[in-house]
Amino acid sequence: MFQFRNLICRLRIRKLLLLMLGLLCSIAISAIAWNSIDVIRQHQTASQLGLANLLADRALKLNTELAAERGLTGIFLATSKQLSTSQLLLLENQRKQTDQSYHLFRQLLPTTLDPTSTIPINQSDPVLQQIWQRLLRLRTDADLALMERKQGLSATRWFELITNEIEQVAKLQRSIIVSNREGRHLLNHAQILRDAVSTMMEYTGRERATIGSIIASKKPIRMDQHPTLLKYREAIKFGENRCLEILAAYPQSDGIQSAITRYHEVFRGEFENLRNQVLDASSQGKPYPVDELTWYSEASRAIATMSALFEAASVQNLQDLEAIQRKADQTVMSMLATILLVILLFATTYIITYRRILTPLKLLEQAARTIESGDLGEPVKLHSKDEFGQLGQSFESMRLSLLADRKERELAEQELRKLHQAVEQSVSSLVITDAEGVTEYVNHRFELTTGYRQDEIIGRKFNKTRSGQIPPELYQEMWNTIRSGNIWEGELLNRKRNGELYWELVSISPVRDKQGKISHFIGIQHDISRRKAMEQQLNFLAYHDELTGLANRRLLTDRFDQMTDRLQSSTHQGALLILDLNRFKLINDSLGHDTGDRVLVEIANRLKELIHPDDTISRYGGAEFVILVSKMQSVDAVTDLARRISRTISQPVKVDKRLLHVSCSLGIALYPRDGRTLDKLLSNADAAMYQAKTRHGEKLQFFTEALSNQVQQRMEMENDLRNALRNGELEVYYQPQYDQVAKRIIGMEALLRWHHPRRGLVTPDRFIPLAEETGLILPIGEWVLETACRQLRQFHREGYPDLMVAVNVSVRQLEGQDMTEIIKRVLDKVAINPATLEIEITESTMMEDPERMIEALDALKRLHVRLALDDFGTGHSSLSYLQRFPFDKIKIDRAFIRNITRSEDDGAIATTIGAMAKSLKLDIIAEGVETEEQMTFLKNCGCDKIQGYLISKPIPAAEFRHLLARHQIEPDWIKQNTDPQKP
């Protein structure tokens with residue numbers, strides 16, 4: 001004892017103070033910290049458990065009422081009867097109960113605090129309000145459907161939407177449950193029990209709603225509904241097993257036992273029997289034993305027994321909470337006693353050390369606070385010679401050292417901020433991992449690019465963005481490279497958080513520590529998805545047609561080269577088909593290019609369905625397609641393919657509400673028979689295709705050598721025809737039209753002739769079809785029209801003012817240009833009476849598109865020109881259409897005139913045409929008249945106007961002038977015998 005007292009006396013004040021304060025602080029800190037932590041924990045546990053338990057109960061109550069409203073509304077939506085006042089009142093009461101549960105839940109929600117919840121508490125109330133707003137809108141839709149009985153919200157759709165809201169409330173309830181080690185059965189067992197009861201009530205509620213709607217509809221349960229009901233029953237059974245298992249772990253009380261007994265009596269007994277009766281009645285086709293409201297009431301009573309199970313457990317939970325609270329109160333008393341002890345100890349220490357310790361300590365404390373506050377400019381004011389003085393000097397030295405460190409740190413922080421700002425604002429993603437690939441940092445650009453938050457990536461292996469479409473070997477190569485200390489660069493296809501794929505240009509660099517070991521990896525990733533997409537698009541457009549997606553000429557050439565390489569070592573042949581849509585220009589001109597493009601896309605889709613995957617379809621230009629058959633089985637197989645293509649394309653194409661009829665011409669060349677190069681095959685198939693266009697019936701043609709010669713001649717004639725108009729090789733001839741009653745020439749038909757420098761005089765039947773195909777008919781036709789009108793004006797000036805001129809107009813002219821505008825321009829330019837110009841249109845041309853032709857002829861008629869129907873009788877026109885066309889004259893085709901005096905049929909046709917024209921108040925003229933007998937017969941038939949070699953063959957304008965001068969009265973040569981068949 002004496003030695004201990006001496007030791008105390010020899011201790012320096014500093015050591016004595018440290019010893020005493022250390023002892024006191026140890027006791028005080030240990031006691032207070034222990035008791036404070038325990039008190040805080042116990043009080044927080046009791047408070048949080050109480051709030052969480054109450055909140056969960058109210059959420060469960062809200063879900064129960066929502067399920068009840070779901071079932072009742074679903075039943076009323078399923079019934080076809082108008083709701084009664086009692087039913088509406090029942091629904092209104094149920095909604096009030098749901099509203100009350102919602103308000104009770106929402107009132108309690110702001111008092112709950114759960115920092116560990118995945119849904120922040122400050123967001124729970126807005127989420128609940130959103131759920132409620134959706135429920136109110138659904139109620140409005142349901143009310144409209146119930147009151148007006150219109151097609152709208154169905155029982156099934158109502159069930160799905162409300163079930164979704166119930167699930168949202170359940171998620172919200174689970175997200176705000178607070179974990180605590182105390183009262184383990186309150187958290188683990190209570191939450192599991194709550195989930196189990198909620199599962200039982202939810203799926204029983206779904207069964208209540210589903211079967212109630214079926215009973216309300218008075219229809220048996222459908223086959224597709226049985227699996228759903230079975231699924232509900234399995235979920236209920238699962239929840240029941242889980243519930244009873246958890247209840248077995250609770251302290252057994254009378255309330256719990258009573259609730260379990262009541263559950264078995266009502267739900268497993270009475271309600272189970274009622275459900276089986278309903279199912280049996282449905283399967284046997286009998287009336288249901290109860291109505292929908294009785295079913296709803298019994299099901300609700302059964303659900304109430306489930307709720308009673310949890311309420312009984314909640315009583316036990318409250319008792320446990322009270323026990324925790326009592327324990328917390330005991331801890332508070334213990335802490336108060338400890339505080340008193342600490343106060344006594346500190347009071348004793350204060351009395352002993354006041355003069356020698358507290359005053360200097362106060363100065364030191366002031367100095368420490370000054371330094372702590374950051375005010376390092378204030379010096380330490382303590383100059384005593386004892387230990388406190390030495391301590392004051394140490395404080396001053398520390399202040400000066402901290403002041404120097406602050407300046408150095410501020411400079412370093414400024415540099416770090418610049419670096420951090422540069423990294424965060426970088427256009428590239430930055431990822432830092434440790435040597436094992438665990439992520440330690442990602443910048444803001446990474447979050448924007450991938451959609452992953454930093455807390456979802458940091459601390460985990462960096463593999464979330466892997467798409468699964470990159471070979472594992474590439475990742476292994478990457479790891480081998482960076483682990484060996486080298487930089488790896490490459491392109492990776494990754495996946496964003498939302499599932500979207502994107503391309504990145506990745507560069508990964510290793511970082512070494514002071515010992516030279518690799519400690520980290522830095523990855524720089526740049527999104528190159530747009531560049532990749534552009535490259536793919538450009539690559540696609542380089543080999544495909546932009547409109548149809550078919551191969552273009554470049555890809556066709558590549559496929560042809562592959563075919564030739566493959567067939568060199570084989571005995572098989574290939575084939576090339578050129579397909580051209582007949583008169584496709586008419587669709588573009590009349591309906592617009594947008595419609596034409598849609599037709600081309602439809603044709604391309606049809607061709608894709610017919611062609612073998614090894615073959616190639618190419619859009620070669622305009623309305624022309626090329627089909628490359630890489631391996632031809634036989635000529636018959638190619639023929640069959642071509643015919644199937646022709647039949648498929650001939651099927652109507654529906655664009656909007658319009659049905660368009662399209663046909664095609666097909667030319668076929670075989671490899672290697674008809675050519676070994678693509679250009680040769682294309683040229684030969686093109687020649688065959690143009691030959692097919694001239695055929696009647698099936699427009700399908702294989703290439704032949706004779707066709708090649710014919711095509712060569714055609715090309716030469718086409719080139720010559722292009723220069724004929726410019727070189728003045730074309731001339732208009734005129735054939736007179738004679739009136740038997742007036743006995744004079746009343747008109748002339750303008751007929752084109754070509755004076756070829758080598759072939760001589762070329763008749764129109766040889767070059768007009770070529771002009772129509774090449775489009776040269778447009779400038780030639782306008783030239784003929786203007787030349788004929790100028791010649792007519794000259795004849796008018798020479799004393800023949802009543803003379804008329806007839807000019808033929810082809811279908812290509814009507815399709816390819818505004819014929820009305822051209823005729824108006826020519827009439828204004830030449831200055832003749834429009835009534836002296838007659839436009840002739842062949843009957844076959846008119847019947848190709850009657851509706852459009854009527855529109856075109858009406859426009860011409862408004863110019864006051866005359867219209868004549870040429871070659872009548874050969875185009876199969878119907879009288880209904882003929883009445884709608886604004887024709888002034890009908891021309892009987894020479895095919896009926898040739899044997900009119902020898903064939904009773906031809907004579908009857910001529911007589912019928914004359915009578916029909918008279919009834920329609922149309923002029924009539926016969927062409928091809930060569931004998932007096934034909935002329936007399938026609939006159940007797942009522943056809944006074946004739947045209948043919950009996951009068952004159954087509955002659956130049958100078959000869960026609962002499963003919964007019966000599967034959968304005970009945971010519972003498974008419975009395976002569978001009979029948980070439982008589983001697």
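In this predicted model, helix α22 (residues 777-797) packs against helix α31 (residues 957-966) at an angle of about 30 degrees, and their axes are 12 Å apart. Angles under 35 degrees count as roughly parallel, which makes α22 roughly parallel to α31. The crossing of α22 past α31 is right-handed. On the α22 side, the residues in contact are Gln 791, Gln 794 and Phe 795; they meet Ala 957, Phe 960, Arg 961 and Leu 964 of α31. By type, the residues of this contact comprise 4 nonpolar, 2 polar and 1 charged.

Helix α17 can be described by its length and its buried residues. The helix runs over residues 593-610, 18 residues in total, and spans 26 Å from first to last C-alpha, close to the 26 Å expected at 1.5 Å a residue. Its buried residues are Thr 595, Gly 596, Val 599, Leu 600, Ile 603, Ala 604, Arg 606 and Leu 607.

Arg 894 belongs to helix α28 and has a relative accessible area of 39%, so Arg 894 is partly exposed. Leaving aside residues up to four places away in sequence, Arg 894 touches Glu 927 and Gly 928. For Glu 927, the C-alpha lies 5.4 Å from that of Arg 894, although 33 residues separate the two along the chain.

Asn 899 sits in the loop that joins α28 (894-897) to α29 (904-919). Its relative accessibility is 32%, and Asn 899 therefore counts as partly exposed. The C-alpha atoms of Asn 899 and Gln 934 are 8.5 Å apart, with the two residues 35 positions from each other along the chain.

Backbone geometry is the next topic. Most residues other than glycine have a negative phi, and most peptide bonds are trans. Which value does phi take at Lys 743? Phi of Lys 743 is near 55 degrees, which is positive although the residue is not glycine. Ala 831, also a residue other than glycine, has a positive phi near 65 degrees.

The limit for counting as exposed is over 50% relative accessible area.

A cis peptide bond links Tyr 671 to Pro 672, with omega near 5 degrees. Pro 672 lies in the loop between β11 (664-671) and α19 (678-693).

Finally, the chain as a whole. Its secondary structure consists of 31 helices and 21 strands. Of the 983 residues in the protein chain, 46% are buried. Among contacts with a separation of 6 or more, 68% are between residues 24 or more positions apart.

Conventions:
Residues numbered from 1 in each chain as written. Predicted model: local features only at pLDDT ≥ 70, side-chain atom pairs only at ≥ 80, totals over all residues. Heavy atoms only, no water. Axes fitted to C-alpha atoms, helices over the stretch in contact; angles between N-to-C directions. Helix = DSSP H or I, 4+ residues; strand = E, 2+ residues; numbered from the N terminus. Parallel < 35°, antiparallel > 145°, perpendicular 65-115°, else oblique. Left-handed = near helix turned anticlockwise from the far one by under 90°. Contact = heavy atoms within 4.5 Å. Nonpolar A, V, L, I, M, F, W, Y, C, P; charged D, E, K, R; others polar. Expected span 1.5 Å × (residues − 1). Buried < 20%, exposed > 50% of the residue type's maximum accessible area, 1.4 Å probe, protein only.
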